[in-house]
Amino acid sequence: MVVSLVDETMAHADERTVFSAPPAALSDEQSQLEPFDWYERMRRTAPVQYDDQLNRWHLFRYEDVATVLRDHERFTADISSTDIDLVDGDPFETPGTTSSMLRTAPPDHSRRRTFAAPRFQPGAIAEHRAEFDAIATDLLDSIEPNSTVELIDAFTHPFPVTVIASLLGLPPVKHDQFREWSLATTSLSPTDAAAARSAREEMRAYFSKLVRERADGDGDDLISLAASNDALSHEETITFCTTILVAGNVTTVNLITSALWCFAEFDLFEAVRSGAIDRETVIEEVLRYRSPAQSVRRVTTEPVTLGGTQIDANELLVAYIGAANRDPARFEDPEAFKPERTPNPHLTFGGGVHFCLGAQLARLETAIAIERLLDRFSVIEPDCSSLRPQSLVYGVQEFPCYLAL
Ligand code: HEM
């Protein structure tokens with residue numbers, strides 16, 4: 001099943017450059033699910049590699065990935081001036097509308113981001129702790145203990161969606177709809193392209209109405225903040241909202257499930273529960289070891305040299321965060337999960353001007369999710385065998401979990 005989807009993606013790539021198509025090396029199911037062997041081989045043997053099937057460069061070493069992330073002048077996230085067609089490939093973009101802050105270069109980028117940045121600072125996020133805690137507790141209250149539940153459906157998805165919805169000021173009734181939209185827009189399968197397009201259109205129509213309603217209001221929510229900001233056009237305001245909803249969703253679900261997966265695999269539940277292992281430190285190691293976002297894309301604005309290899313201007317680069325995070329040149333014993341690893345300079349939230357706006361939010365949500373689950377259940381036994389078959393977002397796809405009081 002997975003193989004045939006990938007094959008179709010590849011066939012598609014002959015006709016036009018599909019922005020997020022997986023490379024041929026990941027076309028067999030197992031490597032696509034667990035790309036770490038491929039990363040290891042490439043870091044050693046071909047750290048800067050041109051892929052003539054997909055017409056792009058793949059980068060694997062920490063140093064090169066960090067350079068690309070931090071130097072927005074030579075490596076731009078804005079691909080509008082190139083002939084790269086990201087129509088069905090980028091979960092954050094809707095063809096025919098304004099691009100998101102993720103695909104906007106400075107100085108315009110700062111107009112799209114700065115007004116909201118104070119809301120995502122650690123102090124501002126921490127003020128919501130009690131509210132987020134109550135959301136988590138509420139969701140756990142509806143789980144039947146001493147049974148096996150699909151934890152993504154029951155908790156790890158609705159929790160971040162409800163948190164984001166509450167920060168945006170959205171009515172709670174729509175949460176299932178938000179999940180459908182996020183899943184449809186982050187699918188990499190070309191067969192789902194039509195569904196992704198219609199999900200994006202529905203989502204934009206929904207936000208368009210709310211933005212108009214709140215343009216003159218003085219509400220404290222993020223939609224009101226964006227809608228009353230004269231520096232943003234109506235389309236830009238809608239894009240801000242859809243970006244926050246999608247960006248804050250699938251990645252965080254994967255961080256929470258990956259944390260539980262690591263605790264199960266390395267037998268750490270008791271040490272985390274008792275406080276013998278510091279929760280914040282172990283979450284950073286989960287971020288490094290199983291980065292929910294495996295790669296970012298950039299375009300060269302001028303000829304550059306990376307790892308001794310010359311690359312022309314206007315070339316598409318795929319920088320593998322997941323490979324950088326396991327580079328032995330930067331991390332001691334990188335293939336080992338070390339719950340107390342410090343320092344831990346992983347690149348999971350990116351770097352430079354596009355550094356993840358929601359990094360602190362994701363960290364706090366994950367800390368709360370783990371605390372509440374561990375407080376509530378003495379036994380947590382997840383089945384972590386169903387991985388998500390794609391190269392942009394990494395994590396489990398289904399997460400049946402036995403939970404006992
Ligand atoms: C574990 C969870 C998360 C991970 C791994 C993650 C990862 C990332 C990465 C790698 C980037 C940079 C992309 C690039 O440079 O091309 C990014 C940007 C961004 N993230 Fe996150 N993210 C997470 C959670 C969140 C949350 C909860 C929000 C909610 C607000 C969010 C909002 C954003 C936004 C708005 C950007 C674009 C920033 C810009 O372009 O200036 N993210 N994220």
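Strands β5 (295–300) and β8 (residues 316–320) pair in the antiparallel sense over 5 bridges, where two strands are said to pair if DSSP finds at least two bridges between them. Helices (H or I, at least four residues) and strands (E, at least two) are DSSP runs, numbered from the N terminus. Within this pairing, serine 295 stands opposite tyrosine 320 in β8.

This is a predicted model, in which local features need pLDDT of at least 70 and side-chain atom pairs count only at pLDDT 80 or more, while totals for chains, interfaces and linings use all residues. Residues are numbered from 1 along each chain as its sequence is written, and side-chain values use heavy atoms, with hydrogens and water left out.

**The sheet**

The open sheet is formed by 5 strands in the order β1-β2-β8-β5-β3, with mixed pairing. Its edge strands are β1 (48–51) and β3 (75–76), each of which pairs on one side only. Helix α4 (residues 62–70) packs on the sheet, touching β1, β2 (56–59), β3, β5 and β8, and its direction makes about 120 degrees with that of β8. Contact here means heavy atoms within 4.5 Å; the axes are lines fitted to C-alpha atoms, for helices over the stretch in contact, and angles run from 0 to 180 degrees between N-to-C directions.

**Around the ligand**

Of the 26 residues around the ligand, His109, Arg113, Arg298, His354 and Cys356 come nearest, a residue being near if one of its heavy atoms lies within 4 Å. At least two residues of this shell are supplied by each of α5 (108–113), α13 (234–247), α14 (250–265), β5 (295–300) and α18 (359–376), and α14 gives the most, with 3 residues. The shell divides into 16 nonpolar, 8 polar and 2 charged residues.

| Residue | Polar atom | Distance to a ligand oxygen |
|---|---|---|
| Methionine 101 | backbone | 3.5 Å |
| Arginine 113 | side chain | 2.7 Å |
| Arginine 298 | side chain | 2.7 Å |

**Asparagine 344**

Asparagine 344 lies in the loop between α17 (321–324) and α18. Asparagine 344 is buried, with a relative accessible area of 14%, since buried means under 20%, exposed over 50% and partly exposed in between (1.4 Å probe, protein chains only). A polar contact of 3.1 Å joins its side chain to that of glutamate 285.

Note on methods
A polar contact is a pair of N or O atoms within 3.5 Å; within protein, one must be able to donate a hydrogen and the other to accept it, and residues adjacent in sequence count only if both atoms are side-chain atoms. Ala, Val, Leu, Ile, Met, Phe, Trp, Tyr, Cys and Pro count as nonpolar, Asp, Glu, Lys and Arg as charged, and the others, Gly among them, as polar.
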